[in-house]
Amino acid sequence: MVFFLKDKMQPMLQKVLLGFASGVMIAASVWSLIIPAIDMAEENGSIPWVPAAVGFLLGIGFLLLLDSITPHLHLNSDKPEGRKAKLRKSTMLIFAVTLHNIPEGMAVGVVFAGVLSGNAAISMSGAFALAIGIAIQNFPEGAIISMPLLGNGISKRRSCLYGILSGVVEPIGAIITIILTSLIVPILPYILAFAAGAMIYVVVEELIPEAQSGDHSNIATIGVAVGFTIMMILDVALG
């Protein structure tokens, strides 16, 4: 994205991209993760809401812990969060996006793990729907990290490279989760809900607040609606 946009991203475009990414992640959390977790628990004879509730809260807690110990800097902020560290602003921006890409990789990995385990609650087309949705929202996410780096004087090539590196944790997280399929099958509903909680944490903690910062605008809300609808259609149509 950094090669197709001007040297600085307009605030309006930034808001709509943040909103769009939020909408995709919310819909993916519900249709691709929480609902299958409930269905799976019901098939196993468990209380349907228990794995969803426990896993969701653990996912929130896990990201909260990572957020508190990892030095990072949110977009449009000059105040670092996490443990104090003498790092450059651009490095902490990359850490922030890298940190929040972890649950997306986990989500894709755990859904494909469910498919490989032969669980009827998750279909291969549904797993691909989630992967496609996450891939779509990675376009605005990549722009959101690479454009500020460009604005800080880093070249387009390096900004692009850093944006790519921040997303490397997604396929790594997915592959590790798939490899561990045999270990996580008994607790698959909990892991699905865990990934959902981690993604919702990212939306609530970072994406929506940043989308609503500055001058008030409804464009971010429209972005959420469009992202949510596209991901919902993908999941229902393919899942």
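Buried here means under 20% relative accessible area, exposed means over 50%, and partly exposed lies in between, with a 1.4 Å probe and protein chains only. The model is predicted, so local features need pLDDT of at least 70 and side-chain atom pairs count only at pLDDT 80 or more, while totals for chains, interfaces and linings use all residues. Residues are numbered from 1 along each chain as its sequence is written, and side-chain values use heavy atoms, with hydrogens and water left out.

I turn to the partner of this residue. Phe112 and Phe128 form an edge-to-face aromatic pair, 5.3 Å centre to centre with 90° between the planes. Rings of Phe, Tyr and Trp (for Trp, its six-membered ring) pair if their centres lie within 6.5 Å; planes under 30 degrees apart count as stacked, over 60 as edge-to-face and the rest as tilted. Helices (H or I, at least four residues) and strands (E, at least two) are DSSP runs, numbered from the N terminus. Phe128, for its part, is partly exposed, with a relative accessible area of 46%.

Apart from residues up to four places away in sequence, Met124 touches Phe112 and Val115, where contact means heavy atoms within 4.5 Å. The C-alpha atoms of Met124 and Gly114 are separated by 9.2 Å, and these two residues are ten apart along the chain.

How many aromatic pairs does a search of the whole structure find? The search finds three. One of them joins Phe62 and Phe194, whose ring centres are 5.4 Å apart and whose planes stand at 45°, so the pair is tilted. This pair also links distant parts of the chain, with Phe62 in helix H2 (residues 49–69) and Phe194 in helix H8 (residues 188–211), 132 residues apart. Phe62 counts as partly exposed at 29% relative accessibility, whereas Phe194 counts as buried at 16%.

Let us now consider the chain as a whole. Its secondary structure comes to nine helices and zero strands. Of its 239 residues, 46% count as buried. Among contacts between residues at least 6 apart in sequence, 78% join residues at least 24 apart. The accessible surface comes to about 11,400 Å², of which 70% belongs to carbon and sulfur atoms; such areas come from the Shrake-Rupley method with a 1.4 Å probe, and for residues only the protein chains shown count as cover.

Leaving aside neighbours within four places in sequence, Leu192 is in contact with Ser32, Leu33, Pro36, Ala37, Met40, Val110, Val111 and Ile122.

Ser22 is found in helix H1 (residues 11–43) and counts as buried, at 0% relative accessibility. Not counting residues up to four places away in sequence, Ser22 touches Val203, Leu207, Ile208 and Val224.

Helix H9 (residues 219–238) has 20 residues and reaches 28 Å from its first C-alpha to its last, close to the 28 Å expected at 1.5 Å a residue; the expected span is 1.5 Å times one less than the number of residues. Which residues of H9 are buried? They are Ala220, Gly223, Gly227, Met231, Leu234 and Asp235. Seen down the axis of H9, these buried residues fall within an arc of 95°, so they line one face of the helix. The arc is that of the directions from the helix axis to the C-beta atoms. An α-helix has 3.6 residues a turn, so residues three or four places apart point the same way. On the other side of H9, Ile233, Val236 and Ala237 are exposed. The cover over the buried residues of H9 includes H1, H4 and H8.

In helix H6 (residues 169–179), the buried residues are Glu170, Gly173, Ala174 and Thr177. They cover an arc of only 100° around the axis, which puts them on the same side of H6.
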